[in-house]
Amino acid sequence: MQKRKSHTKSRNGCRNCKKRHVKCDEQGPPCLQCVLRKETATCALPIIRKAAAPAALARPSAALSPSPSSFSSATEGDRLLELELMHRWSTRSWLCQASTPECQPYLLGRLPRAALGNSYLLNAIFATAALDLSLSSADNQALSASGTYIRAVQDYASKAITEFRTQVTTLTRENVDLVFYFSSMVGVVNFSMSAYRDTGITDRVCDYAHMALSSNRIVIENFELLMASSSPLSTVVSDFGIDLSLLDALDPDTKAALALLSSVSKQVRITATSSTLTAMPTGAVSTEEASPETGGEQVGVEPGTPLASNVYTYQLAIGQTKYCFAEDLAGRLKGYFHTVFAVAGTPFVNALRDREPMALFIFLYWGVLVHRATKDPALWALVSEGQYVVSETSKLLLSSDIWAVPGVREGIAWARSQVDLPALPECLLPVELERSGIVDNVTPESMEVWRKAVDV
C-alpha cells in the first residue's frame with residue numbers, strides 16, 4: 001500500500017481542506033484549494049477565539065501615555081521633516097545651548113526625552129533645529145532658499161509659545177530646568193528670526209536681552225530648585241566661578257582698548273531723563289565727579305549731570321564687559337558675552353534702546369565679543385551679528401554728543417579693526433596715524449588718552 005505523503009499540519013485551514021485532509025494555504029476564503037476544486041461557495045475558515053491579553057501586557061491608553069506624534073499637527077508627510085529636525089538637534093543644534101562639555105549628556109538625553117511628554121519643549125527643539133538648518137546648512141540651499149525651514153521655524157515656535165502658556169502654570173523641581181532651556185531656545189529663535197523684519201541690530205539685541213533677562217530671573221528666583229534639578233547649571237556654577245586673575249592674561253592692545261571704557265565713562269555725562277537712571281538703588285548715582293575732565297566736550301549736556309562712571313549700571317556693564325574678554329581668551333565657557341546683560345540688568349538695556357551714548361560705547365565692545373564667538377561653530381546662531389553691532393553702533397556714536405570725547409574715536413577704530421570692518425577716516429588708531437603721518441582727525445588729548453591706556 002502506497003504510503004501517504006506527509007504534510008505540515010494546518011491549524012487555521014478552511015473546513016473543506018480539513019475534511020479532505022489536505023494542506024490549506026489559509027489565505028481564504030476562498031483558499032487556493034477550494035478555487036481549484038470549484039468549492040468557493042462552501043469555503044469557510046474556522047472560528048478562532050482569541051485569548052484576552054494579560055492585564056500587564058495591555059496597551060496603555062492614549063490618555064495615560066500620549067504618543068509624541070500627538071504633539072504636532074504635522075501631516076504624515078511632514079513627519080519626515082520632524083525626524084530630520086530631531087536628527088539635526090542631536091548632531092549639532094544642541095551646541096548652541098551648551099556652555100561646557102558637561103552640558104552634553106543633559107541636552108542629548110534628559111531634555112529631548114522630557115520633550116516627548118511636554119509638547120511646548122518638543123516644538124521649541126524643532127524650531128531651534130529648523131533655524132540651524134535655515135542658517136547654516138550648505139546641503140539644503142534649495143530648501144532654505146524656498147523658505148521651507150523658515151516656515152518650519154515660525155510654525156513650531158508659534159506652537160511652542162502657545163502650548164507653554166497653557167501647559168506651564170507653576171515651576172517645580174521637575175520642570176524648572178525645562179522651562180529655563182525653553183526660554184533660552186525661544187530667545188535664540190526670536191533673535192535670529194527678527195533679522196527678517198525691518199529692525200536694526202540694536203533693537204534686535206535689546207529684544208533678545210529682555211528675553212535673556214527673563215531666563216535669568218528663572219535662575220535667580222528658583223536657584224535652589226535649579227541646583228537640585230538634573231540641569232548642568234549646578235556644575236557650571238560650582239566649577240566655573242569668577243576668576244579675576246584671567247584678566248592678567250589679556251594682551252596689551254586689548255587691555256589698552258578696555259581701559260578706554262573706564263576713561264570715557266569718567267568724561268561722559270548722562271542726562272537726568274535717561275532710563276539708565278530709573279530703577280536705580282538709592283544712592284547708586286552720584287553727581288560728584290570721579291575725576292577731572294580731560295578735554296572732551298559733550299554738546300547739549302548740562303555740566304551738573306552725573307558722570308557715567310558714577311552710575312551703578314555702567315559700573316556693572318563696564319566691569320562685566322572687561323571680564324567677558326578675559327573669559328573669551330580663557331575659553332572656559334562658551335557664549336559668556338551674554339552675561340553682560342544679565343549683570344547690568346534692565347536699566348542698561350533700556351539705556352541702550354534709548355541710544356544713550358555711554359551705553360552705545362559699551363555695546364560697541366560687546367559687538368567685538370560676539371564677533372569673536374562666531375569663530376566657534378557651536379555658536380551657529382550668531383552668524384555675523386558682531387559686525388552688524390559694531391557697524392551700526394560706530395555710526396550712532398559718531399552722530400552722538402560724545403564723538404569728540406577723547407577715547408571714543410579710538411575705541412571705534414579698535415572695534416572696527418577687530419571685526420574686519422574698514423577704518424573710518426575720522427576714527428583711526430593713533431599708532432596707525434603716527435605710521436601714516438595723518439594727524440588731522442586726532443587731537444593731542446586723544447593721543448595722550450591712548451598712550452596712557454597702553455601703559456595700563
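## Basis of the description

Helices are DSSP runs of H or I with at least four residues, numbered from the N terminus. The model described here is a predicted one.

## Packing of α13 and α16

Helix α13 covers residues 312-330 and helix α16 covers residues 357-373; the two pack at an angle of about 15°, and their axes are 10 Å apart. Angles under 35 degrees count as roughly parallel, and α13 and α16 are therefore roughly parallel to each other. The crossing in which α13 passes α16 is left-handed.

On the α13 side, the contact is made by Y314, A317, I318, T321, C324, F325 and D328. On the α16 side, M358, A359, I362, Y365, V368, L369 and R372 take part. The residues of this contact comprise 11 nonpolar, one polar and two charged.

## Aromatic pairs

Rings of Phe, Tyr and Trp count as a pair if their centres lie within 6.5 Å. By this rule there are 16 aromatic pairs. One of them joins Y120 and F182: the ring centres are 5.1 Å apart and the planes stand at 80°, so the pair is edge-to-face. This pair links distant parts of the chain, with Y120 in helix α5 (residues 119-136) and F182 in helix α8 (residues 176-193), 62 residues apart. Y120 is buried, at a relative accessible area of 2%, and F182 also counts as buried, at 4% relative accessibility.

The rings of F363 and W366 have centres 5.6 Å apart and planes at 15°, so this pair is stacked. F363 and W366 lie three residues apart in helix α16 and are thus separated by about one helical turn. F363 counts as buried at 1% relative accessibility, as does W366 at 6%.

F363 and W366 also belong to one aromatic cluster, together with Y314, F337, F341 and F348.

Y336 is found in the loop between α13 and α14 (339-344). Is Y336 buried or exposed? Since buried means under 20% relative accessible area, Y336 counts as buried at 13% relative accessibility.

Leaving aside neighbours within four places in sequence, Y336 is in contact with I242, Q320, Y323, C324 and E327. Y336 and Y323 are 13 residues apart in sequence, and their C-alpha atoms are 9.4 Å apart in space.

Key: Residues numbered from 1 in each chain as written. Predicted model: local features only at pLDDT ≥ 70, side-chain atom pairs only at ≥ 80, totals over all residues. Heavy atoms only, no water. Axes fitted to C-alpha atoms, helices over the stretch in contact; angles between N-to-C directions. Parallel < 35°, antiparallel > 145°, perpendicular 65-115°, else oblique. Left-handed = near helix turned anticlockwise from the far one by under 90°. Contact = heavy atoms within 4.5 Å. Nonpolar A, V, L, I, M, F, W, Y, C, P; charged D, E, K, R; others polar. Phe/Tyr/Trp six-rings, centres within 6.5 Å; stacked < 30°, edge-to-face > 60°. Buried < 20%, exposed > 50% of the residue type's maximum accessible area, 1.4 Å probe, protein only.
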